[in-house]
Amino acid sequence: MSRTTERLRRRPRLVLVAVLVTVVTTVSAVVVVAGCTTRPAAASTSSAAAPDAGEPPGDRAQELLARASVDTVRILDQVAAAGAAVGGTIAVVALDSDGNPLVSSPEAGQPRYTASLVKIVLVSRLLLLDAAGVLTLAPDDLALMERAVTSSDDAAMSALWVRFDGARLVADAAASLGLTVTGPPEITGQWGQAWTSASDTATVLTTLDEVLPADDAATLLRWMRATTPLAADGFDQRFGLLAGASDGVAAKQGWMCCVDDRRQLHSAGVLADGRVVVLLGDFPEATTWAQASGALARAADAVRAGIA
């Protein structure tokens with residue numbers, strides 16, 4: 001069995017907070033056997049999941065301990081407060097470097113407009129098809145793809161969308177990855193109104209190194225790490241995961257207004273240590289970009305501090 005197949009077999013589904021709470025109550029039994037001291041857990045009839053065949057028991061205990069050490073309730077409260085303070089909501093998902101769930105908010109599976117996050121879906125799909133020999137990307141195509149990611153260039157994205165049938169690429173990518181919400185826009189050509197969820201976006205990011213050849217995955221992540229301070233349209237991209245110190249973060253930012261009188265402000269990426277964090281913000285039109293950006297910065301700070 002290949003490493004990719006094994007990782008896919010072992011990768012758990014994204015789960016809600018209740019499951020993580022169960023992990024907290026079961027991990028104490030594991031660490032006591034290991035001779036460690038931990039905070040007493042409430043009594044539970046659950047038992048720790050048996051490790052996969054061939055997985056060292058110590059590794060499983062370490063994984064459970066790391067996940068249980070995350071104060072999920074505190075993180076979710078802080079993220080919810082950040083969104084509510086400016087009249088909106090922020091859906092959040094965080095995964096460890098192996099794709100195991102750390103945090104998942106109640107809104108994680110709700111449909112949200114992608115805004116520019118759809119650029120990652122399209123670009124990764126084009127890289128995959130090129131590697132498979134289904135199509136051949138010219139230097140001009142690659143230049144458009146890079147601009148679509150680094151400076152979130154809408155003109156570059158629109159050219160790629162028309163040239164390669166973006167709606168079909170998004171639909172095919174969703175089917176291939178088993179995404180449950182992600183899909184093309186209902187209005188032809190309005191790629192920013194494609195659909196996704198925080199859970200789906202996290203799946204896209206955490207499987208890049210499994211879906212793409214190593215060189216292509218590295219190229220896409222390098223482009224994401226080279227995100228420019230200002231986008232092609234002048235929008236300040238230094239919010240969310242890119243607010244403040246963001247060394248080594250490979251991120252894609254997204255923003256859109258004002259379909260259905262709402263603003264979308266998203267920040268999704270891979271941290272320097274391989275963990276994935278997705279923040280999808282939905283705000284009323286009356287909320288300013290500065291207010292929304294501040295909310296996403298506070299939410300990102302809460303998640304990064306909480307999973308450290």
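This is a predicted model: local features need pLDDT of at least 70, side-chain atom pairs count only at pLDDT 80 or more; totals for chains, interfaces and linings use all residues.
In soluble globular proteins, nonpolar side chains tend to be buried together. In the present model, the largest nonpolar core comprises 48 residues, and the residues with the most contacts inside it are L126, L205 and L220. Helix α5, spanning residues 118-131, gives the most to this core, with 8 residues. Another core, of 31 residues, lies apart from the largest one; V92, A231, W255 and I307 are among its members. When residues up to four places away in sequence are not counted, L220 touches I120, V123, S124, L127, V149, L208 and L212.

Helices α6 (residues 139-150) and α7 (residues 154-164) pack with their axes 8 Å apart, at an angle of about 130°. The crossing of the two helices is left-handed. On the α6 side, the contact is formed by D140, D141, L144, M145, R147 and A148; these residues meet A156, M157, A159, L160, R163 and F164 of α7. By class, this contact contains 8 nonpolar and 4 charged residues, and no polar ones.

Residue R225 belongs to helix α11, which covers residues 214-225. With a relative accessibility of 47%, R225 counts as partly exposed. Contacts of R225, not counting residues up to four places away in sequence, are made with G248, V249 and A250. The C-alpha atoms of R225 and L242 are separated by 9.8 Å, the two residues being 17 residues apart along the chain.

Conventions
Residues are numbered from 1 along each chain as its sequence is written. Side-chain values use heavy atoms; hydrogens and water are left out. A nonpolar core is a set of buried Ala, Val, Leu, Ile, Met, Phe, Trp, Tyr and Cys residues joined through side-chain atoms within 4.5 Å. Buried means under 20% relative accessible area, exposed over 50%, partly exposed in between (1.4 Å probe, protein chains only). Helices (H or I, at least four residues) and strands (E, at least two) are DSSP runs, numbered from the N terminus. Contact means heavy atoms within 4.5 Å. Axes are lines fitted to C-alpha atoms, for helices over the stretch in contact, and angles run from 0 to 180 degrees between N-to-C directions. A crossing is left-handed if the near helix is turned anticlockwise from the far one by less than a right angle, and right-handed if clockwise. Ala, Val, Leu, Ile, Met, Phe, Trp, Tyr, Cys and Pro count as nonpolar, Asp, Glu, Lys and Arg as charged, and the others, Gly among them, as polar.
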